[in-house]
Amino acid sequence: MPVGPLSGYTIGVTADRRADEQIKLLAGRGAECVHGPVIKTHPLDSEDALGAATRELVARPPDVVVLTTGLGVRSWLGAADALHLGDELRDTLERAELFARGPKARGALVTHGLQVMGDEPLSRYSAVIAALTDRGVSGSRVAVQLDGAGAATLCEAIERHGAEVVRVPVYRWSLPDDLGPAERLVRATIERRVDAVTFTARPAIENLFE
């Protein structure tokens with residue numbers, strides 16, 4: 001067994017995407033991991049809602065674009081390339097003010113050569129809303145890259161400030177098809193055989209209790 005600062009601890013991992021990377025990092029520090037994915041990511045058909053939203057934004061560019069997740073940024077740009085809209089979408093994003101929620105979304109934008117507003121990532125939706133309130137969005141056209149849960153609270157808050165919101169659905173989240181590993185993690189947690197549980201998205205917490 002590896003020796004490290006987490007040696008002797010058992011950690012539950014609820015992630016689906018990139019779970020192997022997380023487990024490897026924890027195990028490398030000595031932890032024993034119990035993997036019980038509680039969330040599954042489903043990409044949306046780029047020809048449907050995503051394609052329609054992208055064409056709408058290219059035709060009528062937004063003043064502001066809110067990017068909520070790194071996966072969403074990468075998937076949106078990849079889908080636009082597949083629809084032969086990649087260059088036009090990048091031009092549209094370059095001309096808009098870009099607000100990123102969290103370091104992953106910010107990092108994905110920077111990797112694609114896009115400039116983000118502010119010096120630090122906005123970690124919560126409340127921080128995004130506060131930043132947009134400070135800017136003033138009344139009468140503005142705001143595109144929101146939705147997370148897997150739909151980001152309804154964020155979109156509705158922006159609309160209450162007088163903006164026109166264009167929703168860009170990229171993927172959706174659900175419970176995994178096989179609930180066995182998640183149920184085993186729940187049981188191990190209840191029986192106090194797990195010292196900590198990690199989450200990478202709020203819906204994972206909700207799904208664990210479901």
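In which strand does T41 lie? T41 belongs to strand β3, which spans residues 40–43, where strands are DSSP runs of E with at least two residues and helices are runs of H or I with at least four, numbered from the N terminus. This is a predicted model, in which local features need pLDDT of at least 70 and side-chain atom pairs count only at pLDDT 80 or more, while totals for chains, interfaces and linings use all residues. Residues are numbered from 1 along each chain as its sequence is written, and side-chain values use heavy atoms, with hydrogens and water left out.

**Surroundings of T41**
- Leaving aside neighbours within four places in sequence, T41 is in contact (heavy atoms within 4.5 Å) with D16, R17, L71, Y171, R172 and W173.

**The loop residue L146**
- L146 sits in the loop between β6 (141–145) and α7 (152–160), and L146 counts as buried because its relative accessible area is 9%, buried meaning under 20%, exposed over 50% and partly exposed in between, with a 1.4 Å probe and protein chains only.
- Not counting residues up to four places away in sequence, L146 touches T68, A151, C155, R167, V168, P169 and Y171.
- From C-alpha to C-alpha, L146 and R90 are 18 Å apart in space, and they are 56 residues apart in sequence.

**Cysteines**
- The structure holds zero disulfides, a disulfide being a pair of cysteine sulfur atoms within 2.5 Å.
- C155 has 0% relative accessibility and therefore counts as buried, whereas C33, at 24%, counts as partly exposed.

**Helix α9**
- I205 is placed in helix α9 (residues 202–209), and I205 counts as partly exposed because its relative accessibility is 36%.
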